[in-house]
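User: I'm new to protein structures and would like to learn how to read one. Could you walk me through this one, feature by feature?

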Amino acid sequence: MSPGLRIALILLGALAALALAAPWLTPWSHATLDWQNLAVPPQLDASHWLGTDRLGRDLFARSMQALRISLALGVLATLVSVCIGIAWGATAGFVGGRTDTLMMRFVDIVYALPYVFIVIILSTLFPRGSLAALFIGIGAVGWLTMARIVRGQTLSLRRREFVDAAIAGGVRTRGILWRHIVPNVIGTVIAYATLTIPQVILFESFLSFLGLGVQEPYASLGSLINEGAQEMESSPWMLLAPAGLLTVLLLAFNALGDGLRRRLGQYENEQ
Amino acid sequence: MLVYTLRRIAGLVPTLFILVTLSFFIIRLAPGGPFDQELQVSPQVRANLDAAYGFDQPLMVQYGRYLAGLARGDLGPSLRFKDYRVTELIATGLPLSLTIGLAAAALAFLVGVPLGVYAARRRDSPGARVLMNVSMLGVALPGFVVGPLLALIFGIYWPVFRVGGYEPGEPSFLVLPIITLALPVGAYVARLTRDSMRDVLQANYIRTARAKGLQPRVVLWRHALRPALIPVVSYLGPAIAFVITGSLVVESVFGLPGSGRFLVQGAIDRDYSLVMGMILVYGVFTLICNLLADLAYGWLDPRARVA
């Protein structure tokens with residue numbers, strides 16, 4: 001395992017553990033107001049590890065709650081996009097012909113639309129702040145790349161002998177897809193999925209930064225950065241804490257995805 | 001080439017049509033309407049409002065009217081900014097957004113390409129390593145993290161540039177937004193250039209050029225650069241599209257009166273026609289950029305024209 005991959009894994013594990021353990025690490029919750037400590041810098045006295053915001057809410061508690069949303073949304077939305085992507089791509093690639101053309105033409109058209117707009121349009125569909133809207137919006141665009149990758153892999157797998165053997169042996173199309181195609185593309189899919197997670201997280205933060213994502217009283221790293229940016233002259237910690245957290249999170253996921261892809265490349269070259 | 005170009009332009013029409021149709025119906029499906037934030041109005045006033053904007057008609061009729069307006073280049077009246085047409089509103093912000101966007105794209109390519117060439121040339125030097133690590137940071141970090149940090153450092157702690165309280169015609173306000181926007185694109189361009197330059201430098205004809213005694217500088221800039229730029233140029237289209245949508249964030253971070261805020265504010269206010277107008281304008285822009293990139297690719301690389 002390369003050192004970069006190892007560091008990324010350790011970092012992500014630590015962040016996830018911290019996010020989950022946070023309720024026991026601080027006496028404050030994401031929504032409690034501490035009227036004695038409005039906009040105070042990081043300190044140990046009142047256990048505000050990262051300081052408080054203008055309303056006296058603890059930034060550590062809020063950041064960790066935001067991290068929980070980001071991680072959960074990142075993993076779940078990626079799972080959704082992986083499932084749709086595999087089903088779509090493997091079917092198009094394996095069935096081929098006109099079905100393939102139609103299915104991929106659809107992907108091309110949705111791909112050509114600026115995805116920020118799709119998500120903004122979809123986000124108007126739901127009551128503001130509903131996480132379902134974020135899921136559907138992000139999932140609706142996330143599977144396109146996955147479908148393309150899976151289709152490409154399926155096209156080359158379809159010409160292999162073991163697929164011919166399965167067809168000759170009378171296995172049904174669905175059986176071939178499930179038992180022969182999907183297991184063979186799963187490695188590539190996982191490598192790309194780890195690169196999808198930071199994109200989803202980035203996207204959620206971006207929408208929340210604009211005020212279209214996660215709503216009060218809950219926090220998102222994006223909305224925390226937005227609030228922090230407005231107060232940065234007097235209380236820079238309000239910007240630095242969420243910005244630093246998001247930076248580490250994104251870099252770690254990117255390093256993980258790159259590392260996995262490189263390993264996969266090596267593995268495929270050896271075959 | 002001409003047939004190919006025309007075919008690609010014709011291909012834009014269905015995509016645009018789908019964009020208009022999808023966004024029209026999805027926005028109408030959204031709960032809440034543009035007049036919900038008005039003070040309590042009597043049913044009669046409300047009915048008059050609906051009638052004035054045509055909301056009392058069936059949805060298909062509204063859709064037909066919207067398309068007819070589009071054909072005349074009219075994006076309809078804004079529902080929240082009273083007495084403004086959507087085209088007027090967008091026209092007030094678009095010049096600033098375009099200035100920032102295009103300046104950022106130009107900066108990104110002018111800085112990114114030389115840095116990438118340098119990194120490919122001195123592959124294992126510490127300078128190249130630092131450069132590539134910094135570029136990874138640049139690619140991974142979003143504008144809404146980089147922007148406020150830059151503003152904090154160069155606007156407040158060490159006030160080199162002016163931040164906040166934009167005054168039109170004062171270029172000092174635009175420097176940090178342009179840098180913020182250019183950073184991820186420039187970083188990506190540098191990485192692209194580095195990778196393709198490294199491949200090109202290993203090609204046989206480069207070895208031949210070196211073997212016949214050409215100066216390394218000439219080999220690099222005259223023989224290697226042009227083919228190495230092919231993937232970079234094809235990234236130009238997506239990059240410009242990225243920069244245009246990215247100006248959404250940068251304008252909000254630095255409080256610039258560009259057109260990006262209309263999209264977000266329109267979505268929050270359910271100002272149907274304003275959101276539709278913004279999506280159309282930005283959408284057309286993105287599609288044209290992608291098309292130009294594809295065409296430039298075919299022009300640079302003769303092998304790609306056949307396909």
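Predicted model: local features only at pLDDT ≥ 70, side-chain atom pairs only at ≥ 80, totals over all residues.

User: What is the secondary structure of chain A made of?

Analyst: Chain A has nine helices and zero strands. Its pattern along the sequence reads α-α-α-α-α-α-α-α-α. Along the principal axes, the C-alpha atoms of chain A fill a box of roughly 75 × 45 × 30 Å, and 45% of its 271 residues count as buried.

User: Next, helix pairs. At what angle do α2(A) and α7(A) pack?

Analyst: Look at the angle, then the distance, then the residues. Helix α2 (residues 59-95) of chain A packs against α7(A) at about 145°, and their axes are 7 Å apart. The crossing is right-handed. On the α2(A) side you'll find, among others, A:Leu73, A:Val82 and A:Phe94, and they face a set in α7(A) including A:Leu177, A:Val189 and A:Ile201. By class, this contact has 15 nonpolar, six polar and one charged residues.

User: And how do α7(A) and α8(A) cross?

Analyst: Here the axes of α7 (residues 173-210) and α8 (residues 221-231) of chain A come within 6 Å and cross at roughly 40°. Because of that angle, α7(A) is oblique to α8(A). This crossing is right-handed. Among the residues that meet are A:Phe206 and A:Leu207 in α7(A), and A:Leu221 and A:Ile225 in α8(A). The contact divides into five nonpolar, five polar and one charged residues.

User: Which residues touch the most other members of the largest nonpolar core?

Analyst: The general idea first: in soluble globular proteins, nonpolar side chains tend to be buried together. In this model the largest nonpolar core holds 146 residues, and A:Ile225, B:Val185 and B:Val189 touch the most other members. Leaving out residues up to four places away in sequence, B:Val185 touches B:Ala104, B:Ala105, B:Ala108, B:Ala239, B:Phe242 and B:Val243.

User: Last one: how many residues does each chain give to the contact?

Analyst: Interface size is often given as the accessible area lost when the parts come together. Here we can count residues: 34 from chain B and 32 from chain A. On the chain B side, the elements giving two or more residues are α1 (2-29), α6 (143-157), α10 (230-254), α11 (260-269) and α12 (272-300). The largest share, seven residues, comes from α1(B). That side of chain B has 26 nonpolar residues, seven polar and one charged.

Methods
Residues numbered from 1 in each chain as written. Chains lettered and ligands numbered in written order. Contact = placed C-beta atoms within 7 Å. Helix = DSSP H or I, 4+ residues; strand = E, 2+ residues; numbered from the N terminus. Nonpolar A, V, L, I, M, F, W, Y, C, P; charged D, E, K, R; others polar. Axes fitted to C-alpha atoms, helices over the stretch in contact; angles between N-to-C directions. Parallel < 35°, antiparallel > 145°, perpendicular 65-115°, else oblique. Left-handed = near helix turned anticlockwise from the far one by under 90°. Core = buried A, V, L, I, M, F, W, Y, C linked by C-beta atoms within 7 Å. Buried ≥ 20, exposed ≤ 12 C-beta atoms within 10 Å, placed from the backbone.
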